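Trainee: I would like to learn how to read strands, cores and single residues in a model. Please take me through some cases.

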Amino acid sequence: MRAPAAVLLLLLATATAAAPARRLAGAVPHGLARMTAVGRARDDLPLDQVTVFLGLRDQAGLDAVLAAQQDPRSPRFDRWLDPDEIADRFGPTRAEYVRVRAWLAGHGFLIVRDSPFRAFVTVAGTAAQAARALKAPIGLFRHHGRTYHAPLAEPELPAALAASVRGVVGLDDLPHFRPLLQLSSGTAGCLPGQPCTALGPADFAAQYNVASLQSAGLTGAGRSIAVVARSNYPDADVALFDQRFLTVPRALPTRVVASRDPGISSDQGELIEVLIDAQWSGAVAPGAAVNMVIGSPRGDLFEALVKATDDRLGDVISLSFGLCESASPLLAEVFDAVYAIANAQGQTVLVASGDFGASDCLASDPPTAGLAVNGLASSPHAVAVGGSAFALASDGALVPGAPERTWNDGFFAGGGGESVLFARPQFQFGPGVPARRGRLLPDLAVAGDPALPGYVIVSATTNHVVGGTSVGAPALAGALALVNEAQGRRGLGQLTPSLYRLGGEQALGLRAPVFRDLVAGTIQVESSGGYTAGPGFDLATGWGAPQVDALATTVGGTARCEPEIACLVPAGGAARACAGEWLVERDHLAVRKNGIPRTTQTCRDGDPECDADGAVDGRCTVNVALCLNVFDFRRLNKRGLPVCARGTIRRLRLLSARGTRNDPVVADNQRTLAAALRALPSLPSALRAACTAAVPVVVPVAARHGTTLRARVQGARGATVPRITLRCTAG
C-alpha cells in the first residue's frame, strides 16, 4: 500500500506545482525606487506579522446595513451586528477562509492571529519561506542611514487560492505610519502657576459646546473609548495632567497590549503622541473608560486596531497617525475593512485628517509631491477630523465670538482633499457637497494649530503646548462619549451619514446649525496646491466646527418627512396596498382629490424641498426608501377601519426600473436600491413599517418620462407591485 500512496503524494505535489499562479499587487512599497538596494535578506530573517487579507464581500450590502443602522425608520436602527453575523453575511465563506489558512499552515507558516470576521489571517515565517511559498524574495534597502527589508516581487499564490485573497501586507518593515502632532514653539511656557495660553479640557468643552452636556451631569459613564497606539507611556504624566487640568477626577486609562509590549519609545514624537492620546481621550468625559490599545513593534497600528475591534474595546475608536494614500493603497484598503467592521458593531472611528494640508504625501519618507490625502482617514467608514485655528486672550481665556478659521501656519495645515482610492460615498451626494468622484475630507474640524491656540499636555512632569490633528481626534472622542450617553445608546456606529444629513439640512436652511461654518483660510502648503474654506462644506474644514450639544439632540433623529405616513405612496389594490409603499423624502407630495399621494411625483431641479443636492445641475437627486407592511389608515372601509392590515411579508424582489433605455444612471439607481433592500431583515418578516434607509435616486432632466421604480412584494393577502415615477423639470 506504500507505493500507491507515495505515487499519489507525488502526483498531488506535481499538480500543485503545475497549477496556474497569480501575483497579488500591493505588497511591494512604492518608495523602494528611491532607496538604495543592498542585497538579499538572510534566510532566517523573521517575518512575524504577515497579514493575508481576504477582504469583505457584498460591500454594497454592508454599506446599506450601516446606513440603515443610522436611520430611525429602519428596523435595523441602533441594532449592531455581532461577529458571527458580520462574518457569515459579509466575510469570506468559511470554506474560503479554511482553505487559505490551511495552505499557509501547510507551507510552514505559524498562525499568529485569526479574524473572527474571517477578513484576514496573520502568520509568522521567515524570509526563506516568503521566497519559497509566496515567490516573494526579501531584499534589503538603505535609506537615511537605516536598513529596511521589503519584498522584491509581489507575492504569488495558486490562482484558485488567489481568487479569495485581496493582498498581503507585512512583508516589509518600512515606516508607513507617522504621528500627526506638532510641537509649539512655546513649549517652555505653560508652566505651573503661570497662565497657560493654550486649550485645556474646559476650554475645549466651552469652544465646542460640550460644557452644557457636562452641566447636565453627563460624564460618559458606561461608555468607552479605544485609542490606537504603538508606544507605552508613564502613568505619572497622565496623573499630573488630570490633577492640573481636570475638575472631575477620573480613573487612569487601561493599557491593553495587543501582543508584546513595545515599552516607552525613545523617540520624542512617538512619546508625545501617546501622551496626547492618553491625556486628551476622555478629558471632557471623565466617566468614560479609556483603553489604550498598544501594538507591538512589528504588529504596529494594525495589530492595535484589530484588537480594539475584535474585542470591541471602545464605543469610539481614535487613531492619530498618517499614511500616504497613493503610496500604500492596499494598507488603506485593509484599514477601511476593519473600520467597516467596527461600524457594524456600533463603533465610531475618528481619524486625524493630517497635518500637511492637501499634500499629505509630502510628509512621507521618501516624500511625494502633489495633491494627496491621509490614507488612514480617507475611508468612508471613518470620521476625518481636520484642523482649525483661533486666538485666545493674553491670559489664555477664550474670547467670545473670536473667529475660527482653517489651520495653516505657513508650514503645516489641517489635512483635506479628495481620495484617489475610495469613491464618493452615498452620504456625500447630499446638498452643499461638491460633485467630485472621490471621497472628500475632512468631515469636520476642531483646533489643530499648535500656536493658535494649541493644547496643553504634560510630559516629563512639565506642561507643554502641542497641536496637530492628532489632538482633535482623541479630544472629540470624549465629546462623542457624552453624545452616546445623552442618547442612551451603546454606540453611534458609522456616524458620517448622520453628520452629512444634518450638515445638508443646515445648508438648505431646514434646521438650526449643528456646525459652526468656518469660511476663511486655505490648506495649501508649499506649492503643491490646496483648497480654500467657504460657506457650507469644503475640502479645508468639512462642515466646520461641531456644536456637540446640538449633535447630542439630533444625531440619530428622524430625517425629513413628518409625519412619515404623508411621505408614503401606496401601491395599487386597496387590500394589498400596505404590503409595500415607496417613501419619498419631501415636505409635500402631489396628491389626488382624495388626499392619497400620486404615483407620479415631479421635482424641479435645484428645489431644496425635493432635490436633495439643492443644486441646479441638470438632474434631481431624490431620496427614496421602500417600506414594507405599513399600517396605512388613509384608505378606510365602511366601518372606518383600514382596508389593509398588518401581515407577514414572505418575498420581495426589485423589478427593473423604467427610464431611459440603457441609461447608466438608471443602472446606478438599481444597484443603490438593491443594496438598500438587502439590508432589510431576512424574510419572512412580520415587522411593521420596516423601511430601508433612504437612498439617493438620480433623475436627469433629459429623461422626459422620468424614472419608474418598481418592486414585487408578496404579503399575507397576496402580491402587490408598488411603483413610483419620479420626474425632474428644469430649474
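Trainee: How many bridges pair β30 with strand β33?

Mentor: Strands of a sheet pair through backbone hydrogen bonds, in a parallel or an antiparallel sense. In this predicted model, β30 and β33 (residues 695–700) are antiparallel and share 6 bridges. Within that pairing, C620 has V699 of β33 as its bridge partner.

Trainee: Which bridges join β30 to strand β28 and to strand β32?

Mentor: Strand β28 (residues 580–584) is joined to β30 by 5 bridges, again antiparallel, and V584 lies opposite V624 of β30. With strand β32 (residues 690–691), β30 has 2 bridges in the antiparallel sense; there L628 faces A690.

Trainee: Is strand β30 mostly covered or uncovered?

Mentor: Strand β30 (residues 619–628) is mostly covered, with 9 of its 10 residues buried.

Trainee: In the open sheet of 3 strands, what is the strand order?

Mentor: The order is β2-β6-β7, with antiparallel pairing. β2 (36–40) and β7 (146–151) are the edge strands: each has a single partner, so one side of each lacks a neighbour in the sheet. On average, neighbouring strands of this sheet are turned by 35 degrees against each other, direction ignored. The pairing of β2 with strand β6 (residues 138–143) is antiparallel and rests on 3 bridges, and A37 stands opposite F141 of β6.

Trainee: How many residues lie between β4 and β5 in their hairpin?

Mentor: The hairpin has 5 residues between β4 and β5, and R118 in the turn has a positive phi of about 60 degrees. Strand β4 (residues 110–114) pairs with strand β5 (residues 120–126) in the antiparallel sense over 4 bridges. I111 is set opposite V123 in β5.

Trainee: Now the cores. Which residues have the most contacts inside the largest nonpolar core?

Mentor: In soluble globular proteins, nonpolar side chains tend to be buried together. Here the largest nonpolar core has 87 residues, and Y208, W280 and Y455 have the most contacts inside it. Helix α13 (residues 469–486) supplies the largest share of this core, 9 residues. Apart from this core lies another of 54 residues, including A119, V228, A342 and L441.

Trainee: What does W280 touch beyond residues up to four places away in sequence?

Mentor: The residues that W280 touches include L199, P201, F204, F241, Y455, V471 and P474. W280 also belongs to one aromatic cluster with F204, Y208, F241, F245 and Y455. The count of aromatic pairs comes to 16.

Trainee: Where is S224, and is S224 buried or exposed?

Mentor: S224 is in strand β12 (residues 224–229). S224 has 15% relative accessibility and therefore counts as buried. Not counting residues up to four places away in sequence, S224 touches A289, L313, G314, D315 and V316.

Methods:
Residues are numbered from 1 along each chain as its sequence is written. This is a predicted model: local features need pLDDT of at least 70, side-chain atom pairs count only at pLDDT 80 or more; totals for chains, interfaces and linings use all residues. Side-chain values use heavy atoms; hydrogens and water are left out. Two strands pair if DSSP finds at least two bridges between them. Axes are lines fitted to C-alpha atoms, for helices over the stretch in contact, and angles run from 0 to 180 degrees between N-to-C directions. Buried means under 20% relative accessible area, exposed over 50%, partly exposed in between (1.4 Å probe, protein chains only). Contact means heavy atoms within 4.5 Å. Rings of Phe, Tyr and Trp (its six-membered ring) pair if their centres lie within 6.5 Å; planes under 30 degrees apart count as stacked, over 60 as edge-to-face and the rest as tilted. A nonpolar core is a set of buried Ala, Val, Leu, Ile, Met, Phe, Trp, Tyr and Cys residues joined through side-chain atoms within 4.5 Å.
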